[in-house]
Amino acid sequence: MRLILGSASPRRAELLKQIGVVPDAVRPADIDETPQVGEYPRPYCQRLAREKAKAVQAAPDEIVLSADTIVAIGRRILGKPTDEAEARDYLRRLSGRRHRVVTAVALRVGDKIAEKETVTILRMKQLTEADIDAYIATGEWQGKAGAYGIQGYAARFIPWINGSYTGVVGLPLTETAQLLESAGYPLEAA
């Protein structure tokens with residue numbers, strides 16, 4: 001049984017290594033990630049993970065693992081910022097507030113897809129403009145939902161978290177391991 005990671009995220013590959021899983025191949029899915037009109041954050045994230053799993057070409061003996069992570073304030077989805085101005089806007093919106101990080105995981109075996117997701121609540125400290133400037137200068141905001149990565153410099157901005165830390169990084173490991181085991185993929189101690 002071969003495992004295909006349907007994601008270009010180096011963070012997801014690193015997280016899988018923590019549970020002793022090294023994908024046999026990496027095949028990022030190319031899908032339209034535009035939210036549908038009126039789509040709420042959690043169903044949006046679940047849909048993207050599912051569509052990514054379906055979009056990856058795989059042989060009958062291959063398992064496809066895909067995921068998606070989003071940041072949400074209420075019903076507003078904060079995806080990956082397109083530029084520095086949008087990243088600054090996201091950080092200002094998150095400053096001093098609680099928000100949710102949703103990560104959905106989809107595992108496809110043949111035509112069947114199994115799914116799990118985590119919803120983690122976090123609080124970001126009140127950011128000064130100097131905090132935002134310093135973070136933007138790191139470049140870490142690029143390619144990150146909500147314009148921040150908890151596993152880097154932005155860790156100093158998050159005083160409180162309730163939920164899955166690895167889900168916030170990009171792949172909830174307990175839920176991913178459960179999906180892999182239920183599909184018959186062998187998990188062994190690293």
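These legends describe close-up views of one predicted model.

Residues are numbered from 1 along each chain as its sequence is written. In this predicted model, local features need pLDDT of at least 70, side-chain atom pairs count only at pLDDT 80 or more, and totals for chains, interfaces and linings use all residues, while side-chain values use heavy atoms, with hydrogens and water left out.

Helix α1 spans residues 10-18. Helices (H or I, at least four residues) and strands (E, at least two) are DSSP runs, numbered from the N terminus. Arg12, Leu15 and Leu16 of α1 are buried. Buried means under 20% relative accessible area, exposed over 50%, and partly exposed in between (1.4 Å probe, protein chains only). Seen down the axis, the buried residues fall within an arc of 100°, so they line one face of α1. The arc is that of the directions from the helix axis to the C-beta atoms. Exposed Glu14, Lys17 and Gln18 sit on the face turned away from the buried side. The buried residues of α1 pack against β1 (2-5), β3 (62-73), α5 (165-169) and α6 (173-182). Contact here means heavy atoms within 4.5 Å.

**View B. The ends of α1.**
At the start of α1, a side-chain oxygen of serine 9 comes to within 3.3 Å of the backbone nitrogen of arginine 11. Such a polar contact is a pair of N or O atoms within 3.5 Å; within protein, one must be able to donate a hydrogen and the other to accept it, and residues adjacent in sequence count only if both atoms are side-chain atoms. Glycine 20 follows α1, and its phi is positive, near 75°.

**View C. Serine 95 in its loop.**
Serine 95 lies between α3 (84-94) and β5 (98-109). Its relative accessibility is 10%, so serine 95 counts as buried. A polar atom of its side chain lies 2.7 Å from the backbone nitrogen of leucine 127.

**View D. Methionine 124 and the largest nonpolar core.**
A nonpolar core is a set of buried Ala, Val, Leu, Ile, Met, Phe, Trp, Tyr and Cys residues joined through side-chain atoms within 4.5 Å. The largest has 39 residues, of which Leu91, Met124 and Tyr148 touch the most other members. Strand β3 gives the most to this core, with five residues. Methionine 124 touches residues including Leu94, Phe157 and Ile158.

**View E. Arginine 108, buried without a salt bridge.**
Arginine 108 lies in strand β5. This residue is buried yet has no salt bridge. A salt bridge is a side-chain nitrogen of Lys or Arg within 4 Å of a carboxyl oxygen of Asp or Glu. The nearest side chain of opposite charge, aspartate 111, is 5.4 Å away. A polar atom of the arginine 108 side chain lies 2.4 Å from the backbone oxygen of valine 56.

**View F. Salt bridges between elements.**
Aspartate 68 forms a salt bridge with lysine 52, with the closest N and O atoms 2.8 Å apart. Aspartate 68 is in β3 and lysine 52 in α2 (residues 41-55), so the pair ties together parts 16 residues apart in sequence. Aspartate 68 counts as buried at 4% relative accessibility, and lysine 52 at 8%. Arginine 88 pairs with aspartate 133 in another salt bridge, with the closest N and O atoms 2.6 Å apart. Arginine 88 is in α3 and aspartate 133 in α4, so this pair ties together parts 45 residues apart in sequence.

Key
Lys, Arg positive; Asp, Glu negative; His and termini not counted. Lists of a residue's contacts leave out its neighbours within four places in sequence.
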